[in-house]
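I opened a new notebook page for this model.

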Amino acid sequence: MLRRTASRLTLVACLLAACKGNDPVKPQPVDVNNAIALSKVLVFTSGTKSGSGSIPTTGSPTSTITNLPSLKVSTGGGTVYIPVAYTGKTAIAYAYVQVQGADTYFIIPVSGTTPNGQIAIPVTLPATLQGNFVLLLSLVSASGNVVLTKTVSVPVETTVPLDCGDGDVTGAAGITLTEHSLNGKSGNVTIGYDTYSLPDRIDVFVDGTWVAGTGTSIAPPPPLSTCINPAAGFVGKSGTFTVPVKSSNKIIQVYVSGCTGSTTAWEYSLVCPR
């Protein structure tokens, strides 16, 4: 009798408390205005270390960033890429990156560089991140000298994924990632694009698998290219892609790599099955 009573009391207590211990923990939104908290949830490539205080400024400036990198991201959490085109006299071995206002910075290894080149620094954003913030960027040689003429501000704009077919997407130089939620749609998605006269590259993925683009199949990061000397897949034209999707598919990801070194512009839109 006592055991039955105890069991009933346990059941009643669980019902009154809505059995909270069994509920999944919902991720908390990240406050983009809290630089210290924000820097704790950004994830960079393996081998990344951290330093205290502000980004070091000592060194022999021998390099210049030739584009103004920025990130425009519509994603439910994923890896995006900071595009950096630079010229100078020294190969780059590390990048210093800091959330503006934070008290620590990231020391990110960069491989395969030359004194003049382009790199794409990966950063993984949490799914709950929305809003605008600024990253500070500096380039470093293998000897530890800061070789950039000045610390560069990288504005980052983040939003939730768009619904498939919800408005046009526009942009400029650099890498833009936009995710489009399919919400159970099945059929053909038509993507109409226009990169105008200056060459840009478009790559379309369905649930992480490349399905269409202005170049050949790639895995992220998408390539960078100057406007003057466009790489393969960078085109200045209009066109369409037809992408079949199933009801089990979740997301269409569209990367646009705007060419660097000029004022390029592009746009695209999705026509989705009902």
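My entries on those look-ups follow.

**Ground rules.** I am working with a predicted model, where local features need pLDDT of at least 70, side-chain atom pairs count only at pLDDT 80 or more, and totals for chains, interfaces and linings use all residues. Residues are numbered from 1 along each chain as its sequence is written, and side-chain values use heavy atoms, with hydrogens and water left out.

**Cores.** I looked up the nonpolar cores (buried Ala, Val, Leu, Ile, Met, Phe, Trp, Tyr and Cys residues joined through side-chain atoms within 4.5 Å). Buried here means under 20% relative accessible area, with a 1.4 Å probe and protein chains only. The largest core holds 41 residues. L42, I121, L135, L137 and L139 have the most contacts inside it. Strand β5, residues 78–88, gives the most to this core, with five residues. Strands are DSSP runs of E, at least two residues, numbered from the N terminus. I also noted a second, separate core of 20 residues, including V189 and V243.

**Cavity.** On a 1 Å grid over the protein atoms alone, a cavity is a set of points where a 1.4 Å probe fits but cannot get out, and lining residues have an atom within 4 Å of a point. The whole structure gave me one cavity of 30 Å³ or more. The largest cavity has a volume of about 30 Å³, taken as the space filled by probe spheres set on the points, which are joined across faces, edges and corners. Its lining is V73, T75, G77, L125, P126, L129, T158 and T159. I sorted these by class: four nonpolar, four polar and no charged residues.

**Charge pair.** I counted one salt bridge, meaning a side-chain nitrogen of Lys or Arg within 4 Å of a carboxyl oxygen of Asp or Glu. The partners are D203 and R201, with the closest N and O atoms 2.8 Å apart. Both D203 and R201 are buried.

**T176.** I found T176 in strand β13, residues 174–181. T176 is buried, at 6% relative accessible area. Beyond four places in sequence, T176 is in contact (heavy atoms within 4.5 Å) with K72, V254, Y255, V256 and W266.

**V169.** V169 lies in strand β12, residues 169–171. V169 counts as buried, with 7% relative accessibility. Leaving out residues up to four places away in sequence, V169 touches L162, T178, H180, W266, E267 and Y268. I also checked V169 against S269: they are 100 residues apart in sequence, yet 6.2 Å apart in space, C-alpha to C-alpha.

Note on methods
Buried means under 20% relative accessible area, exposed over 50%, partly exposed in between (1.4 Å probe, protein chains only). Helices (H or I, at least four residues) and strands (E, at least two) are DSSP runs, numbered from the N terminus. On a 1 Å grid over the protein atoms alone, a cavity is a set of points where a 1.4 Å probe fits but cannot get out, and a pocket is an open set with protein on both sides within 12 Å along at least five of seven lines; lining residues have an atom within 4 Å of a point. Ala, Val, Leu, Ile, Met, Phe, Trp, Tyr, Cys and Pro count as nonpolar, Asp, Glu, Lys and Arg as charged, and the others, Gly among them, as polar.
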